[in-house]
Amino acid sequence: MTTATEQALPESQRAEALLTFAASPHIRSERTVAGTMRGVMIGLAPAVVASVYFFRHYAVLLIVTCVVASCLAEAVFQKLRRKPVTLNDWSAVVTGLLLALVLPPRLFAEKVAGGSAWAAEVTWLSVAALGAVFAIAIGKQVYGGLGSNIFNPALIGRAFLMRAFPTFLTTWTEPGTLDALSGATPLDAWKFSQQSTPLSHLLLGTTGGSLGETCAVALIIGGVFLLVLRYADWRIPAAMLATVTVLTGAAWLLGSEQAPPQFHLLAGGLLLGAFFMATDPVTTPVTKVGRWVFGLGAGALLVLIRLKAGLPEGVMYSILLMNAVTPLINRYTRPRQLGERRPYRKAERGATTVHMVLVLGLIGLFSGASLGAMHLWTRARIAENEKAELESKVQYLFPDCDISSRELTKQIVLYEATDSDGQRAGYAFEAKGMGYQGAIRLIVGVKPDLKEMVGLSVMPTNETPGLGKRIEEGEFREQFVGLDVSAKVDLVKGERQARNEISAITGATVSSRAVVRILNKQMAEMRQLLSEDR
Amino acid sequence: MATQVAVNGVRPSTSSGRGESAGRRIEPRTFAQGIHPPELKEASAGRPVEVMPPPAQLIIPLQQHIGAPAEPTVEAGAVVRRGQSIGHSEAFVSAEVHASVSGEVAEVRPALHPVGVDVVSVIITSDPEADAQVTFEERPARPEEMEPVEIRRAVQDAGIAGMGGAAFPTHVKISPPTDTPIDTIIINGCECEPALTSDQQLMLERSADIVLGTQAVVRAVGASRAFIGIESNKPDAIEAMRRAVAQERGIEVVAVETKYPQGGEKLLIKAVLDREVPAFGLPMAVGVVVQNVATCIAIAEKLRLDKPLYERVVTVTGTPVARPGNYLVRIGTRFQDLLEFADCDFSRAGKVISGGPMMGIAQYSLEVPVVKGTSGVVVQTPEEVDVAREQPCIRCGRCVDNCPVFLEPYAIVQLAQAGRWGEVDEYHIMNCMECGCCAYVCPAKIPLIQYIKLGKAKRPQEK
């Protein structure tokens, strides 16, 4: 700077001293980008320590793999883009660390061809590394690198892995045991089995879950550190947690069978997401009001997903969805200048809040109306098709029989099978309930005495392919032929020991348990109804 | 230093009309947002004003003010007397220029000015003996008995311009149009810039003149009252001014929160009166005129001594300066001479700033003179000079969170980097006062003020 300036000056003006010439201000705050990233890592340290305590070498390996893969990916892609390599801003390290913390600790040998624990671990680390590469390359570098991405890169990595390797991403392990496949996080347990987890377990982390989400205490300590030292704006976590509290609290008070708000706050990835993901400055709004909106939206979406959608957990999607509308939020929450009157900026490309609400409302109305019309138009035909399919399944259960149906109650249709001799061959009826990823519909065939099953048909489900979806397969279903249903059917892991037991599909405990639960419930109800009926 | 949002930040009121909102006055008052940089005032605070004798040569630019430059009224070879007019303009928005020393005019030529360009200047070789014989007679000054137009004329004749740094011709400021009534005067004793202490020292030593100047301004614009705004980090000055106005009706001292940039006139008006000057407008739109304490003293000296503006108090400070302090310096004194007088170790000078570290202008030559708006000279060592490399914006929002006029600097930078100059007005770039809060807090070390200045220069100019 000084050399060029000196050369450009006439003789009379050349200074004796070499003076630096720059625009004001000439003093600046000490906060740097790298310092902010390091601050985030310090905030994550308690959660990292907890993860190592609970998941031991699996935690260490996973974190190291993700961080190294992220850094390598960033270096390679920056070189490919012919840009300077900026690993020294620590952002790739943070992305890798966050990705590791939202992944399950390990993979189990049964899932991997070859079947050894070592092969399982190598496979898992490779998958995680792939996720990290995707997170950096697609989640960040293609947008232009640090500061230009729309979506949180770690969450993009996880979203990618969820869809590419769904079976790997939905198995969990109990901390401490480490060798037992538990199949459930606290949120899974609540959604599919109505089992609650004691708060102490949620706080201390003695539950299943991803690497960093289990220990609420560690996350809260780290999160508070982050907010107090201003490495993250407090508005987003505050808004998100408050919204979740209010909405789940309302649901809990108003409805039955809802978990209390403190459960929702401490279970799953909410704390990790609220403090460490939703506070990523690049992908969240830049204005104070905008941040409140973001937190509110993410919290509301999260509650919607957890309570109403088929997934047990929704932190990732709620944050990614809000990331998508962040540019919009920035545009509509611009601050009012000092001395600017309200209403202001009327003609600014129509960018007023009223305009936004109208446009979005119209789009929503139109979409809803089209969907509704389509639904009404096809409803009758769908019902017909379903009935026909049901009947064909029943027929399949009772071949060579005549099938007749009658309405036992408003909701339940009873199919009666009569064999060629005119004898009652059995009954069939539908049984419905919640599975792991959605509803499960069964067609149960029983002998006339209601003590023994003839067979089971499972209508196509949304369960996890390769795992839960295997309840539709013959291997699982043939267990129900001749099943003793005079009393409650039990689900066991491992071999069946009694005639009223069903062996769960390995790695699909939740779906298997759902089938048994649905069956038992329906059997009890049918016994009741049919005895009244007689 | 981590930056903090205002403690009792007053959110912009929804109307920019008159009338203070009752019940929202908390001492100390403040505006919303802004930053708390280190004060850096220990070196020179409280040091009594020391008179620097005139150096051998003075360079007096004919434009040290906003508006039309003055025309020289002397030429090379002329003998001048201290206080004699050497530059005059017929334009209303302009200022008279006076000789700061008795001596001989060496030449009239373009010379480097602290804003970084050459300005036609009168170079005077001083004659210390002749200079010592110049005196100004004390006489009674009673502004309340003068006609407003008399006061304005006097101020104009004295060549007084805003000495807080902006150097707006004062007689223009105290001549509001008849359809714009002024009800309140605010005297700016904030000195919010780190490192500067000259105004503070003036409030301790010259409080009577500040009051006299205030009375003159009040009389000139027809206001009904005046407030003297002083930041809370100067309790001695607050006390001194309170004593000085104790017998005055209509002048009140108001302590304001120590926060940068409290001394910006729009923010001072917001803090003291809770009125918002309309964006792109002037304080007179809300019935207010703001004057710096040093300007008041210059007005007082004109009324009391018939003395024009030819000298001012300058804070000289910085690590390489062995004798930091507040110096009474003749306008036209070269920085080189001033820094020598303050025993600056030039071998350790890395950056020399005219003004304060937040808004001051870095100098590339020490041949520049002290002008009417030079409030301080701050010297940094090469190690203290901040040369951080610019990194990509991470949209942390700190610039938005701290801007005292609620702009979005990050957006202006994005547009500037893409060359989209036509769109910078959507982000109200002309409302930016270039205070530097945004650049101060930016963790990516983006030179925000530089981008904003560029945007202002390159935007379509028809507005």
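Predicted model: local features only at pLDDT ≥ 70, side-chain atom pairs only at ≥ 80, totals over all residues.
**The chains**

Chain B contains 13 helices and 17 strands. Its radius of gyration is 22 Å, close to the 23 Å that the globule rule gives for 463 residues, so chain B is as compact as a globular protein of that length. The C-alpha trace of chain B spans about 60 × 50 × 45 Å along its principal axes. For chain A, the count is 17 helices and seven strands.

In chain B, 62% of the 463 residues count as buried. In chain A, buried residues make up 51% of 534.

The contacts within each chain can be described by their separation in sequence. Among contacts with a separation of 6 or more, residues 24 or more positions apart account for 73% in chain B. The corresponding share in chain A is 62%.

**The interface between chain B and chain A**

The contact takes 78 residues from chain B and 49 residues from chain A. About 5,400 Å² is buried between the two chains, and carbon and sulfur atoms give 52% of that area. On the side of chain B, the residues that lose the most area to chain A are B:Y364, B:I394 and B:R395, which together give 14% of what that side buries.

Polar contacts between chain B and chain A join 25 residue pairs, counted where both residues have pLDDT 80 or more. The rule also finds four salt bridges across this interface. One of the salt bridges pairs the side chains of A:R334 and B:E408, at 2.8 Å from N to O.

Several elements of chain B give two or more residues to the side that touches chain A. They are helices and strands of chain B, listed here with their residue ranges.

| Element of chain B | Residues |
|---|---|
| α7 | 265–273 |
| β15 | 351–354 |
| β16 | 361–363 |
| α10 | 398–402 |
| α12 | 437–441 |
| α13 | 448–458 |

By residue class, the side of chain B that touches chain A divides into 45 nonpolar, 20 polar and 13 charged residues.

**B:K302**

B:K302 lies in helix α8 of chain B, which covers residues 293–305. The relative accessible area of B:K302 is 12%. Buried means under 20%, so B:K302 counts as buried. Its side chain makes a polar contact with the side chain of B:D306, at 2.6 Å. Apart from neighbours within four places in sequence, the residues in contact with B:K302 are B:R139, B:A154, B:D157, B:A158 and B:K307.

**B:A237**

B:A237 belongs to helix α6 of chain B, residues 235–244. With a relative accessibility of 0%, B:A237 also counts as buried. When neighbours within four places in sequence are left aside, B:A237 is in contact with B:Q200, B:M203, B:L204 and B:I230. B:L202 is 35 residues from B:A237 in sequence, and the two C-alpha atoms are 8.6 Å apart in space.

Note on methods. Residues numbered from 1 in each chain as written. Chains lettered and ligands numbered in written order. Heavy atoms only, no water. Helix = DSSP H or I, 4+ residues; strand = E, 2+ residues; numbered from the N terminus. Buried < 20%, exposed > 50% of the residue type's maximum accessible area, 1.4 Å probe, protein only. Polar contact = N/O pair within 3.5 Å; in protein donor to acceptor, adjacent residues only side chain to side chain. Contact = heavy atoms within 4.5 Å. Buried area = accessible area lost by both parts, 1.4 Å probe. Nonpolar A, V, L, I, M, F, W, Y, C, P; charged D, E, K, R; others polar. Rg over C-alpha atoms; globule rule 2.2 N^0.38 Å.
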